[in-house]
Amino acid sequence: MSKKIILYLTISIIFSAKSIAQLNKNSALYNTIILNDSLLFNVGFNQCDIAQFEHLLSENLKFYHDKDGVSDKAKFLYDLKNGLCKNPETRQVKRYLVKKKTEIFPLYKNGVLYGAIHNGEHLFYESKESQPGIAKFSNVWVLENNQWKLGTSLSYGHEAYELQKPENSIFENDTEIEAWLKENNVPTLGLGIIENGSLKHIKVFGELKSGVTAPYNTIFNVASLTKPVTAMVTLKLVSAGKWDLDEPVYTYFTDPDVAADPRSKKLTTRHILSHRSGFPNWRYMNTSNKLNFQFEPGTQYQYSGEGLEYLRKALEHKFNTSLDQLANELIFEPLNMSDTHFTWSDTLDESRFAIGYDAKGKSYEILKQKTPNGADDLMTTIEDYGNFLVSVMNGGALSKKVFDDMVTHQVATKNGKHFGLGFEIYDFKNGDYALSHGGADKGVQTIVFIFPKTKKGLLIFTNVDDGYKVYEKIIAHYLGAQGKEIIEIETAE
């Protein structure tokens, strides 16, 4: 049989794969193929670990590349060793799978599984700073002596990767946005767009209640977006030499529930701001309704509102003043954040407040806090919180050492991101990074992103339980390629 006929048959098998049932992403075979792909590329290609290719490539490999021709296993390994991986220490080229484009189809003969087809797309970066290229691939994995081997690979359609905004994006038309929000049962949406280091656009859509249009200065409860404010209050005190990140917090406060636990003597502010306190999210989640350590501080990650509340009480004990007074002095007054409040008071304009709703459209009773909470229930506007984030992005009036600590990975979170101090950190393939935080509560879904290097950012505030359902479209539109990376990270299984 000629090489042309073999190639034709191979391509026919690959591109007729749509007639076979695509594998469910939770199936064992799907995960096996994804694992092998990761070993070949995340380990083998990206780290120049040639042993992965020697083990996973079939002795009968045929590799078809639309730019470099045809290779067998020997030629493929020779080119890799003497080309891209000749100097692994200085090599820059990286390959990343576009997870949403992945399709895997099983191959059977007489009812017996003998292989699988993996169709997809991948991005290639020549360097951290470069714009990526994109290509399609089709890989045929075969079982050889009960081991999976890559038998045939086609790499084609190489071109520069350009993120195209939809020609008729709803975000270019306020009327279409309003209609989209009604379709998704989102009563009020607040957007803040940061460009070139300043808050350039404030957009608020929807209604506060039937017939009452939400104003540009709508006041939202932003739930856990309170935490970055508490963190910045603390870091400003650290910069001023009035607080120590690594001093045990018991010096100023110990909760009676954990006073007898020796681990309380090890807890530091750094542990709390990076969510390594050892506390649960909230003490009421325990059957005893008491605060407790679930692990030794500093040894692992666990998101905790209790940690920020513990820190609030320690700050208030040392400085003999409330958190909202400290925030007023250090953040709110210097940044003219007159519409931002830790507690409900007569100075808050209730007529501009976005009442929270459940997913069925039923409103929640307004929670009128009288005591500041270091972790939850801050009330603010897009303008106020946007200017706060701009300040953080531009250094936050922190010392260089403290700012560097804030944006340094302190601990990995469950989905591969990292927490710094007060913010979660996304690292992007082009070398950029974003600081982020979200908020979720009854009738509240909020999220923010800022990019200290490129001086851009995005705020999304909603006042409904499932407001997160509008995030993806907004993030992809306003943050472009990096928005897509964020979505891939958050939706990865």
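Predicted model: local features only at pLDDT ≥ 70, side-chain atom pairs only at ≥ 80, totals over all residues.
Biologist: How should I read the pairing of strands?

Modeller: Strands of a sheet pair through backbone hydrogen bonds, and the pairing is either parallel or antiparallel. Take S8 (residues 188-195) and S9 (residues 198-209): they run antiparallel and are joined by eight bridges. Within this pair, Thr188 is opposite Gly206 in S9.

Biologist: How many residues lie between S8 and S9 in their hairpin?

Modeller: There are two residues between them, and Asn196 in the turn has a positive phi of about 50°. S9 and S10 also form a hairpin with two residues between them; there Gly211 is the turn residue with a positive phi, of about 85°.

Biologist: How many bridges join S9 to S10?

Modeller: Two bridges join these antiparallel strands. Lys209 has Val212 in S10 as its bridge partner.

Biologist: Which strand is joined to S8 by six bridges?

Modeller: That is strand S18 (residues 456-462), which runs antiparallel to S8. Ile193 has Leu458 in S18 as its bridge partner.

Biologist: What should I look for in a single strand residue?

Modeller: In a regular strand the side chains alternate between the two faces of the sheet. Leu208 is a case in strand S9.

Biologist: Is Leu208 buried or exposed?

Modeller: Leu208 has a relative accessible area of 5%, so it is buried. Apart from neighbours within four places in sequence, its contacts include Thr188, Thr213, Pro215, Arg352, Phe353 and Tyr357. Leu208 and Ile355 are 147 residues apart in sequence, yet 6.9 Å apart in space, C-alpha to C-alpha.

Biologist: Where does Asn217 lie?

Modeller: Asn217 is in the loop between strand S10 (212-213) and strand S11 (220-221).

Biologist: Why does Asn217 count as buried?

Modeller: The relative accessible area of Asn217 is 18%, and buried means under 20%. Not counting residues up to four places away in sequence, Asn217 touches Arg352 and Thr381.

Biologist: How do I read the packing of two helices, such as H6 and H8?

Modeller: Begin with the angle and the distance between axes. Helix H6 (residues 226-239) and helix H8 (residues 305-319) pack at about 40°, and their axes are 11 Å apart. That angle makes H6 oblique to H8. The crossing of the two helices is left-handed.

Biologist: Which residues of H6 and H8 meet?

Modeller: From H6 come Lys227, Thr230, Thr234 and Leu237; from H8 come Gly305, Leu308, Leu311, Leu315 and Phe319. Sorted by kind, the residues of this contact are five nonpolar, three polar and one charged.

Note on methods. Residues numbered from 1 in each chain as written. Heavy atoms only, no water. Helix = DSSP H or I, 4+ residues; strand = E, 2+ residues; numbered from the N terminus. Buried < 20%, exposed > 50% of the residue type's maximum accessible area, 1.4 Å probe, protein only. Contact = heavy atoms within 4.5 Å. Axes fitted to C-alpha atoms, helices over the stretch in contact; angles between N-to-C directions. Parallel < 35°, antiparallel > 145°, perpendicular 65-115°, else oblique. Left-handed = near helix turned anticlockwise from the far one by under 90°. Nonpolar A, V, L, I, M, F, W, Y, C, P; charged D, E, K, R; others polar. Pairing = 2+ DSSP bridges.
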